[in-house]
Amino acid sequence: MWTEFAAKGEKSWYHFLAARQGEDILGFAAYGRRPLTEATFDLYWIGTGQQFQGRGIGKKLLQRVVNEVRNLGGKLLIIETCGRPEYEPTRQFYLRAGCELEARIRDFYAPGDDLVVFTIHL
Ligand SMILES: CC(C)(COP(=O)(O)OP(=O)(O)OC[C@H]1O[C@@H](n2cnc3c(N)ncnc32)[C@H](O)[C@@H]1OP(=O)(O)O)[C@@H](O)C(=O)NCCC(=O)NCCS
């Protein structure tokens, strides 16, 4: 995904953005269109460096993704994450950042390991 974005830039199917401070990358996000849909996008990854978490960087990255998707004509952003207890902070982040809890598919990744789907309607 990165290779394609690095080669094609804005024309790439995948898009990356980074939160920077000088030369340092504090966090990043990656998103792209969902094939076979009219205006749906997926957030593939979002991450803030461990030492930078809890400072509003993830929220700003997500807001930036939302703005970019909107500018590309997107109407729906899908965010998938894991239902295991250790992902509770991540799920709280999505809820606090304004995402809607849309679905849960039990045992998706493995027995006892659910898929949790959040959405943002644009
Ligand atoms: C999830 C992640 C991206 C959040 O980024 P962040 O920069 O720490 O988040 P922010 O500081 O922008 O927090 C935004 C909101 O989420 C809340 N939040 C963030 N981490 C939280 C946590 N561990 N528990 C509860 N709430 C949390 C914040 O309190 C804040 O709420 P507020 O705006 O009401 O004050 C980051 O913790 C991370 O990289 N985690 C590991 C990787 C990961 O799980 N990525 C997602 C894969 S699906």
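Q: Take a salt bridge as a side-chain nitrogen of Lys or Arg within 4 Å of a carboxyl oxygen of Asp or Glu. How many salt bridges does the structure hold?
A: First, some ground rules: this is a predicted model, where local features need pLDDT of at least 70 and side-chain atom pairs count only at pLDDT 80 or more, while totals for chains, interfaces and linings use all residues. Residues are numbered from 1 along each chain as its sequence is written, and side-chain values use heavy atoms, with hydrogens and water left out. Side chains of opposite charge can pair when their charged atoms come close. By the cut-off above, the number of salt bridges is 7.

Q: Which helix holds both Glu 88 and Arg 91?
A: These two form a salt bridge, with their closest N and O atoms 2.8 Å apart. They sit 3 residues apart, about one turn of the helix. Helices (H or I, at least four residues) and strands (E, at least two) are DSSP runs numbered from the N terminus, and here the run is residues 88-96, helix α3.

Q: Is Arg 91 buried or exposed?
A: The labels go by relative accessible area: buried is under 20%, exposed is over 50%, and partly exposed is in between (1.4 Å probe, protein chains only). Arg 91 has a relative accessible area of 8%, so it is buried.

Q: Which strands does the Asp 114 and Arg 104 pair tie together?
A: Asp 114 forms a salt bridge with Arg 104, and the closest N and O atoms are 2.8 Å apart. Because Asp 114 and Arg 104 lie in separate strands, the pair ties together parts that are 10 residues apart in sequence. The strands in question are β6 for Asp 114 and, for Arg 104, residues 100-110, strand β5.

Q: Leaving aside neighbours within four places in sequence, which residues is Val 65 in contact with?
A: Contact means heavy atoms within 4.5 Å. Val 65 is also one of the core members that touch the most others. Its contacts are Leu 17, Ala 29, Tyr 31, Leu 43 and Leu 77.

Q: How far apart are Phe 41 and Thr 3 in space, C-alpha to C-alpha?
A: Phe 41 is in strand β3, residues 40-48, and at 1% relative accessibility it counts as buried. Not counting residues up to four places away in sequence, Phe 41 touches a set of residues including Tyr 31, Val 69 and Leu 77. Thr 3 is 38 residues from Phe 41 in sequence, and their spacing is 19 Å.

Q: How many disulfides does a search of the whole structure find?
A: A disulfide here needs a pair of cysteine sulfur atoms within 2.5 Å. The sulfur of Cys 99 is 16 Å from the closest cysteine sulfur, in Cys 82, so it is too far for a bond. Cys 82 is buried at 8% relative accessible area, and Cys 99 is buried at 6%. The number of disulfides found is 0.

Q: What is the phi of Leu 36?
A: Most residues other than glycine have a negative phi. Leu 36 lies in the loop between β2 and β3, and at 92% relative accessibility it counts as exposed. Although Leu 36 is not a glycine, its phi is positive, about 70 degrees.

Terms used
Core = buried A, V, L, I, M, F, W, Y, C linked by side-chain atoms within 4.5 Å.
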